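Thanks for coming, everyone. I have one model to walk through today. Let me put it on the screen.

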Amino acid sequence: AFKDGLDHFFEDRHEAAAAAFEKLAGDSDPFLAVAAAGFATSALVELDRIDRCRQMLTVIFEAHEPIDRYTVTPEGLRFMVAYCQVHNLEYAKAFESLESFLESYPDAPERLRTSAIQMLTELARRAPGQLGDVFDLMRYAQRKITHGEVGEPVVKRQKEAIDLLDALIEEAEQQEQQGQGDGSGGGGSPGGNQSGGGARRSALPGGQATEGELRRRRARPGEAWGKMPPKERERILQDLQKQFPSRYRDLLEQYFEQLAKDSDEP
């Protein structure tokens, strides 16, 4: 059975490999179970099945701790725990896991240590309530929806993302209004000329559906977006693509398109 799993794995049949190794990870032989878990995590990450990976690792560590007793490469499994925590938005747990990983495995493969340092640095610099959180929440919801999970946790994360975007847009509007009230806008072009050195306004474009209307009309994530005319949706997406950092643009577009699909469904 292990050989069959390896055949699937090395021929890039990730779903079949994951299923084979997940089953073996439940074997009573701890050496077999831990070895299978190592391959299962790799296959599951390729499939972007973070929840399945996290669940399997939880079982493995509960059943076979200390894991180092049953494998010569425990650092891979320890790293994957932190990886899953990051992608499941468990920031505090991930930070502790990454610190522990780097301290416990100074001789771990360079690719793992480099990735761990990068994730730890990003977590340390993370500013809650900013655009980075919107990105993470959208990515989380997108992953869940892709795999057919549309329950309450997904809806909650969608709503958090949209509410946070609303708050950021409103804050930007208030800052702009305050700048306009100062006359010159703190060194900007007289008369509010946006073609100069001032930052572009981080707000949705005007038209029949304004930001305030979107907030008032929204009864659930995506409802107002789904009811908007296609031209209005396109105009908003174009404005978002100009205003947000490049790494957010594709995700924002995909996310809002998914909201439209969800809203159109009966």
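First, the ground rules. This is a predicted model: local features need pLDDT of at least 70, side-chain atom pairs count only at pLDDT 80 or more, and totals for chains, interfaces and linings use all residues. Residues are numbered from 1 along each chain as its sequence is written, and side-chain values use heavy atoms, with hydrogens and water left out.

Now the overall picture. The protein chain has 13 helices and zero strands. Helices here are DSSP runs of H or I with at least four residues, strands are E runs of at least two, and numbering starts at the N terminus. Of the 266 residues, 41% are buried. Buried means under 20% relative accessible area, exposed means over 50%, and partly exposed lies in between, with a 1.4 Å probe and protein chains only. The accessible surface is about 14900 Å², and carbon and sulfur atoms hold 49% of that. Those areas come from the Shrake-Rupley method with a 1.4 Å probe; for residues, only the protein chains shown count as cover.

What about contacts along the chain? Contact means heavy atoms within 4.5 Å. Among contacts with a separation of 6 or more, 63% join residues 24 or more positions apart.

Next, helix α4. Its 15 residues should span 21 Å at 1.5 Å a residue, and its end C-alpha atoms are 21 Å apart, which agrees. The expected span is 1.5 Å times one less than the number of residues. Which residues of α4 are buried? They are Ile50, Cys53, Arg54, Met56, Leu57, Ile60, Phe61 and His64. Seen down the axis of α4, these fall within an arc of 165 degrees, so they line one face of the helix. The arc is taken over directions from the helix axis to the C-beta atoms. On the other side of α4, Gln55, Glu62 and Ala63 are exposed. Take Leu57: beyond its neighbours within four places in sequence, it touches Thr41, Leu77, Met80, Val81 and Cys84.

Helix α7 covers residues 110–125. Its 16 residues should span 22 Å, and the end C-alpha atoms are 22 Å apart, which agrees. Buried in α7 are Leu112, Arg113, Ala116, Met119, Leu120 and Leu123. Down the axis of α7, the buried residues stay within an arc of 130 degrees, so they line one face. They pack against α5 (74–87) and α6 (91–104). Glu110, Arg111 and Arg125 are exposed on the other side of α7.

On to the core. A nonpolar core is a set of buried Ala, Val, Leu, Ile, Met, Phe, Trp, Tyr and Cys residues joined through side-chain atoms within 4.5 Å. The largest one has 49 residues. Those with the most contacts inside it are Phe21, Leu57, Ile60, Leu77, Phe79, Leu98 and Phe101. Elements giving two or more residues to this core include α4, α7, α8 (131–146) and α9 (152–181).

Last, the rings. There are ten aromatic pairs. Rings of Phe, Tyr and Trp (its six-membered ring) pair if their centres lie within 6.5 Å; planes under 30 degrees apart are stacked, over 60 edge-to-face, the rest tilted. Phe21 and Phe39 are stacked, 5.1 Å centre to centre with 20 degrees between the planes. That pair links helix α2 (residues 14–24) to helix α3 (residues 30–46), 18 residues apart. Phe21 is buried at 0%, whereas Phe39 is partly exposed at 24%.
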